Structure formats: C-alpha cells, structure tokens
Amino acid sequence: MICAVTDNKLSIEKSDPGRRGLHAKNPLRAKANVPANLRRKAAPRLPELSEFDVVRHFTRLSRLNFSVDTHFYPLGSCTMKYNPRFNEEAAALEGFSGLHPLAHDVCAQGTLELIHDLSARLVELCGLDAITLQPAAGAHSEFTGLLLAKAYFENKGEARTEIVVPDSAHGTNPATASMMGFTTVNIASKPDGRLDVAELKKHIGPKTAVLMLTVPNTLGIFESNIEEICRVVHEAGALVYMDGANLNALIGMVKPGDLGIDMMHLNFHKTFSTPHGGGGPGAGAIVCRAHLAPFLPVPTVKKEGGKFASDFGDGKSIGKVKAFFGNTGVLVKAYAYMLAHSADELGDIARYSIINANYIRALLKDLYPSYSSEYCMHECVLTPGKDMLDKGLKTLDVAKGLIDRGFHAPTIYFPLIVHEAIMIEPTETESKETLDEFAAAMKDVHDSGVADPQSLKDAPVTLPVKRLDEVQAARQPNLRW
Amino acid sequence: MSKPEELKYTKTHEYIHPGAETIVGISDHAQHEMGDVVFVELPRVGQKLEKEKPCAVVESVKSAFDIYSPVSGEVTAVNDAVTGEPALLNQSPLENGWLFKLKPSNPAEADALMDWAAYQEFVKQAAH
C-alpha cells in the first residue's frame, strides 16, 4: 500500500524566502552584453528550499507513484512485464553508451554488429525477410509500415486509397491510416470477437491498400481464420499488416510470417522488456517480406568481408524515419533480453503469459464474467457482473477501488466493442501469489461494492486526491497554483 | 417527446426532427454504443454548419466522438442542459438530450436521410 499522506503542498508553496541548498560566493549576474530589454526585471519565482527539503519533497512524491517496480500493473494491451536490470547494465556499457552518433562505421563496429545480429534474430523470430529498427515506438512503426505500403503500390503504379481496420483494433491503426491520407474502412467483428471473413470480402477490393489486423486481437482471442484472411486480402492485391502489440502471446511459439502476413511491427517496450514511457525513449521495428524490403528506411547494416557497414540501399527507400539507427540504447536492451532467452525460453514467455491470463480469468469468472467463453491468449476482457451493474457500479468504480487496494488499474473501456470492458494482461513475469492477491482484491472490490455501493463510488480514498473529474481535468486543466 | 418514427437518420447515427425547428441529436442506438457520456461540446448559436462536417463532440467513458451535421444550416439554439449534465444523452437522447436546433439552408437535404425503418435496417446490417 502507498504511504499515508499528510503533506500535499507544492514545492512553491513550501518556499521560504532566502532558504538555499547552496550559497554561491559569486552569484551569476546578467552579463553586460545581454541587452537591457532582454534582461529580467525581477527574479524568477522559484521555490526557495534547502537541499534536504527538496530530497524529502521528491522522495515523498516518488513513493506515491504506481509503477511496475512497485505494483502489479495489469494494464491490458500494454504488456507491463518486469524490465530485467541486466538490460540496463548492457545499455550502460561504455562502448554503446559513449558512442558518438556521427562516429564513422569503422569506429562503431560493436553497435553495428549488435544491430545486424538483433535484426537477424528478430527476422527469424517473426518468420519474415527484412527489418528496420529505426522507428521510435509502436505508432511510429505503423506509420513506417504504411509508408512502405504506399511506396510499394506507387512502384507498381497502383493507386490504392483505403485501409481496412476491424472495430476491435487499437485506436492507433485508424489514426495512422488517417495521418497517411488513407480512408479507413471499419468492419464489424463477429459476436465471438473475431474478424468476420464474409464482412471482409464485402469491403475489400481494388481500392484496398492494407488490412491492419491485431493478432491475437484486442479481446485476447487468436484470429483462427488468419490464413484465409491473408488469402482474401492477397487475392485483392492488398497487403496484410499485423499490429504486433500482442506478440507476447505468440513469441517463440508462432512465427507471424507463417500465418501469411506481409509485415508487422514490434514494440520493444512490450514484448522485449524495455522500459515504458518515462523509463526512456522507445523503439519499435517493422519486419516485412522481401517484396517490401527495397522500400525500408536506410541505412540498414550489412556485413562485408567480416566488417559491418551502413547500407543505403538502391534508391527505392522511403528514406529515414529517425536519425541515425534509431534509439540504439533501447535496441541494446532488447538484444540483451533476446540473448538471455533460448529459443525454448522465448516460447515460455508466451506460454506463461497465456496461463497467467487464463488463471485470472478462471479465478474471477463468477464475479466478473469474461466477454468470451473461450480460453484467452495473453489477456482477458472481463466486465462487472450483473449484481454490480444493477447497483449502478461501473468499470470505472472497479478501477478506482483497485487503486485503494494497492493495484494499478487494468485497461478500462477498451476494446470499444465490449460494454464496461476491464482488460487484464498479467504478463508472464507475475507470480501465482501476486495473481491470487489481485483476484482477492477484485473480489473485495466486488463484495464491498455490492454491500455498500457508495463506498466504491467514493474510491479512491487512500490517495492525496480523491475521485477526480477526469473530463474537466483534461478539457479545462488548472495548471496554476 | 419525439417518437423514433418521426425522425430522420444519418449513417453516422445523428437524427433530425424535421419540424418547425429542426432538432438535431444522436440516436438511442448511438448513445447505447458510446456508453456513459461524460462531456458534450456544442456549436455556437449563429454558427453555419455544413452537411456531414463535424460540428460537435460527444465524449464517453470509451472515446471522444465527432458529431456530424445531418444537413447544412445555421444554428438557432443549443441545449445547454446537456453540457451541464452529459448523462442526459444516455437517459433521454430523443427528448431532453437533444443537441442543437438549426435553420436548414437546403431543406431538400433532409429528404435524402434514412427514415426509421431504413435506419433500423442499417443498424441491423452494421451489426449483422
């Protein structure tokens, strides 16, 4: 549980005039060569605190944080797995971290070899032919993928304008299509959550450039018709893009290329255990078949006579999508993670992530029914039971109640096609004890909510701020003190 | 209260009530699909709207949705009650949860919209 909070003041509110961490002997003064009209008239309003005040202030704030290192963080679709510390150690090696981005190839052999070998391993893992590691994350990878598709069709002299996206898709898919100037064609899923092949056939044709499909889909269900789907798309002359956000369910068990896809993206912060968001810059990849390879961003890395060198292709490339070779520090972490697992162990990642999701689903089935009666893959989509809904208790209340019980909330209200969705992805790195504790907290949320609905409507009550008006906070943020 | 049969519908699930004053809102099906509505942003009175162009925003617990004007025209009134109490869209989409009224610039545009029977069929087809 988080620490009790008695002190909610901002640092500026704690300011005591004249208090300092350091007392400079010769404080900096505006240089005479700064024109008078550009100089401040008054000192900036900064908190005046001692070093100790500052340490306590920020340490206290950091303890209020929910993070994967402090709390179970079952955010569906996000794969909040443990980030092994050896990844950080590898990325901090001076040969990698100290390399200048403009260093000549001959001075960067280690990093180039790493990129070359990581590329080969990921291509093998995905069952495809070529890769770029330049994109900065998942959505940037999607953008890069559609750039490849555009270049591919332009090269064939075809003008295709539509991207087909099922209604269960991640929001980034239609957003990417729109950003690229394509028209999104939305198709409804079948009641079991899978793509409807009959519906796909109706919407696919000579205008279709790409089908963007998440496998397994956002309901945590494997698209069992994937081979037929790929055949239908290919017969129309279009491409299949696999959103690889859910690769944690397949890694080491299924090579997506074997399913018939043309390209896919990887999220290193999901499947390959590099930090999310605030943990540093991200990295993604597009892995594709040979027919898309000529259009990949440059440079890639080639091996010639035992040396590694930048390869700028033959002029068909879409160009750079990120400076240099992308965020190479993140690539080092992903490479360390790959090397730490044998091929069989990579398959265990998928197997344990699937077992953990089904374990939670089974523990909670009487209180929080699952959207689908089937076994799920790496995540399950639940909803509050009828007894909760009848008392006016919603998914949002469950999420807030979990925070009071020391758990980060799951993803809520996604996928959009499920009413009151609670999307739980435990990942393979959680122990049975943690999953049991989480299920007990979900049960406690249920029991206390049904007994006293208002108590759950008031949650969270253990944090410095209680139930927030999140819409107003986003629409009309008050950022002043 | 408007009866669903008196209204005309768009493929993006807005309705208009084509009476003396043209009332625009979202269908009962739309509010159900959106889930709990938490925020509504309406056009300004006097604003000129173009058919099928975004003119308002409805945000639910799931997502934010653009609302497209069913016909072209000038806004004559907006329902301030829904901006104060967005849940009205869920409770009463056809009556208290209307969005705005407008004066159509081309009344013939409304004729092209779906009637209740056609809209029901459209919803059925989309869900199949």
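Good morning. I begin with a helix pair in chain A: the axes of helix α13 (residues 395-404) and helix α14 (residues 432-451) of chain A come within 10 Å and cross at roughly 120°. This is a predicted model, in which local features need pLDDT of at least 70, side-chain atom pairs count only at pLDDT 80 or more, and totals for chains, interfaces and linings use all residues. Residues are numbered from 1 along each chain as its sequence is written, while chains are lettered from A and ligands numbered from 1 in the order in which they are written.

Some terms are needed at once. Helices (H or I, at least four residues) and strands (E, at least two) are DSSP runs, numbered from the N terminus. Axes are lines fitted to C-alpha atoms, for helices over the stretch in contact, and angles run from 0 to 180 degrees between N-to-C directions.

At that angle, α13(A) and α14(A) are oblique to each other; angles under 35 degrees count as roughly parallel, over 145 as roughly antiparallel, 65 to 115 as roughly perpendicular and the rest as oblique. The crossing of α13(A) with α14(A) is right-handed. A crossing is called left-handed if the near helix is turned anticlockwise from the far one by less than a right angle, and right-handed if clockwise.

Which residues of α13(A) meet α14(A)? They are Asp397(A), Val398(A), Gly401(A) and Leu402(A), and they meet Ala441(A), Val445(A) and Gly449(A) in α14(A). Two residues are in contact if their C-beta atoms, placed from the backbone, lie within 7 Å. By class, this contact has 4 nonpolar, 2 polar and 1 charged residues. Ala, Val, Leu, Ile, Met, Phe, Trp, Tyr, Cys and Pro count as nonpolar, Asp, Glu, Lys and Arg as charged, and the others, Gly among them, as polar.

I turn to a second pair in chain A. The axes of helix α4 (residues 109-126) and helix α10 (residues 328-339) of chain A come within 10 Å, and they cross at roughly 55°. The two helices, α4(A) and α10(A), are therefore oblique to each other, and α4(A) passes α10(A) in a left-handed crossing. On the α4(A) side, Thr111(A), Leu114(A), Ile115(A), Leu118(A) and Arg121(A) take part; their partners in α10(A) are Thr328(A), Leu331(A), Val332(A), Ala334(A), Tyr335(A) and Met338(A). The residues of this contact divide into 8 nonpolar, 2 polar and 1 charged.

Next, the backbone. Where are the cis peptide bonds from Val215(A) to Pro216(A) and from Phe414(A) to Pro415(A)? Pro216(A) lies in the loop between β4 (208-214) and α8 (226-235) of chain A, and the omega of its bond from Val215(A) is near -15°. Pro415(A) is found in the loop between β11 (411-412) and β12 (422-424) of chain A, with omega near -5° for the bond from Phe414(A).

Two non-glycine residues with positive phi also deserve mention. Thr79(A) has a phi of about 50° and sits in the loop between α1 (51-64) and α2 (85-92) of chain A. In chain B, phi of His13(B) is near 75°, and His13(B) is placed in the loop between β1 (8-9) and β2 (14-18).

Are these residues buried or exposed? A residue is buried if 20 or more other C-beta atoms lie within 10 Å of its own, exposed if 12 or fewer, and partly exposed in between, with C-beta atoms placed from the backbone. Thr79(A) is buried, because 26 other C-beta atoms lie within 10 Å. His13(B) counts as buried with 22 C-beta neighbours inside 10 Å.

Chain A has 16 helices and 12 strands. Buried residues make up 42% of the 481 residues in chain A.

Chain B contains 5 helices and 9 strands, in the order β-β-β-α-β-β-β-β-β-α-α-β-α-α along the sequence. The radius of gyration of chain B, 13 Å, is close to the 14 Å that the rule gives for 128 residues, so chain B is as compact as a globular protein of that length.

Finally, the two chains meet: 8 residues of chain A are in contact with 11 residues of chain B. The chain A side of that contact divides into 5 nonpolar, 1 polar and 2 charged residues. Thank you.

Conventions: The radius of gyration is taken over C-alpha atoms; the globule rule is 2.2 Å times the number of residues to the power 0.38.
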